[in-house]
Amino acid sequence: MQKSKIKACIFDLDGTLLDTLTSLWYCANRSLKREGLMELPKEKFRYYVGDGALTQVERYLKDTKVVGFENDSDAAKEDLEGSINKAGTNENCAKGRIGAFGIPDPHDQDNLSYYFDSYMRELNVYADYDVRPYDGIPDVLKAMKKAGLKIAVFSNKPDDAAQKVIYKHFGDCFDIVLGKRDGNPKKPDPAGALMIAEYFGIDPCNIMYMGDTDTDMQTGKNAGMFTVGVLWGFREREELERNHADAIAKRPLELLNFIEQ
């Protein structure tokens, strides 16, 4: 896509503005431990996240099992950073529906809802656990505001959690923050991005959308926006290029190159 004059910028949240990986991992493992399920290594969450909290829970349920079913020799092959519960150390037992080999069934909607609610109880408390802006992001936002650009956040993170962490780290810097709300489609549906464009009164072709996953690249392209993949987040360049990023930024300050005329 040929870049038009950029008048507004829309940022993804997790892995783009804020390093939230530890928070997402911590909330999930608190939920898993309480439910009597094996905890999971942090690095796996780079690939669980990005498509909304419900999908994240569905993905990680496929990789866990009831405490006591784990194989110590297999566990030794992965660096779980001390996160595996050994059989008998957890007072809880698994409360959801459990399938073969102690694996919870993520395809049962009642079961998925149960574990999703368990995760959300943790996220509502620990959404900002060990969260920090990526180096250079505050300077980028300041420069964009100084240049007269409108700036927004569009995330698949539940809206309450998105509002909380953005305000905590950036105050009222953003003109609008839109997380996943009931009744609104999640990314890569472009509805939210287009709603922001309409709110700004700016044509989508004059908006730059930035994110770190395939879902973000699809969102920006679906909305007809200049779409930039960022490499400091959770995914790799190949994924971003495969999903037709218009440009790639290795560091936050490089984003300013795309708004200069």
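Which side chain makes a polar contact with the side chain of D212? That partner is T16, at 3.4 Å. A polar contact here is a pair of N or O atoms within 3.5 Å; within protein, one must be able to donate a hydrogen and the other to accept it, and residues adjacent in sequence count only if both atoms are side-chain atoms.

Before going on, please note that this is a predicted model, in which local features need pLDDT of at least 70, side-chain atom pairs count only at pLDDT 80 or more, and totals for chains, interfaces and linings use all residues. Residues are numbered from 1 along each chain as its sequence is written, and side-chain values use heavy atoms, with hydrogens and water left out.

**Around D212**

You will find D212 in the loop between β6 (207-211) and α9 (214-223). Helices (H or I, at least four residues) and strands (E, at least two) are DSSP runs, numbered from the N terminus. D212 is buried but has no salt bridge, and R235, the nearest side chain of opposite charge, is 6.0 Å away. Buried means under 20% relative accessible area, exposed over 50%, and partly exposed in between (1.4 Å probe, protein chains only). A salt bridge needs a side-chain nitrogen of Lys or Arg within 4 Å of a carboxyl oxygen of Asp or Glu. For charge, Lys and Arg count as positive and Asp and Glu as negative, while His and the chain ends are not counted.

**Aromatic rings**

A search of the whole structure finds eleven aromatic pairs. Rings of Phe, Tyr and Trp (its six-membered ring) pair if their centres lie within 6.5 Å; planes under 30 degrees apart count as stacked, over 60 as edge-to-face and the rest as tilted. Here are two of the pairs:

| Pair | Centre to centre | Angle between planes | Type |
|---|---|---|---|
| F11 and F174 | 6.1 Å | 80° | edge-to-face |
| F45 and Y48 | 4.8 Å | 90° | edge-to-face |

F11 sits in strand β1 (residues 8-11) and F174 in the loop between α7 (159-170) and β5 (176-180), so this pair links distant parts of the chain, 163 residues apart. Both F11 and F174 are buried. F45 and Y48 are three residues apart in helix α2 (residues 45-48), about one helical turn, and both are buried. F45 and Y48 also belong to one aromatic cluster with Y60 and Y119.

Is K187 buried or exposed? K187 counts as buried because its relative accessibility is 1%. This lysine is in the loop between β5 and α8, and its charged end sits over the ring of F154, 5.5 Å from the ring centre. A charge sits over a ring if NZ of Lys or CZ of Arg is within 6 Å of the ring centre and within 35 degrees of the ring normal. A polar atom of the K187 side chain also lies 3.1 Å from the backbone oxygen of F154. Another lysine, K42, has its charged end over the ring of W25, 5.0 Å from the centre.

**Backbone details**

Most residues other than glycine have a negative phi, and most peptide bonds are trans. K187 and P188 are joined by a cis peptide bond, with omega about 15°. D130 has a positive phi, near 55°, and lies in the loop between α5 (109-126) and β3 (132-133). H244 has a positive phi too, near 70°, and its place is the loop between α10 (237-242) and β8 (247-249). D130 counts as exposed because its relative accessibility is 55%, and H244 counts as exposed at 55%.
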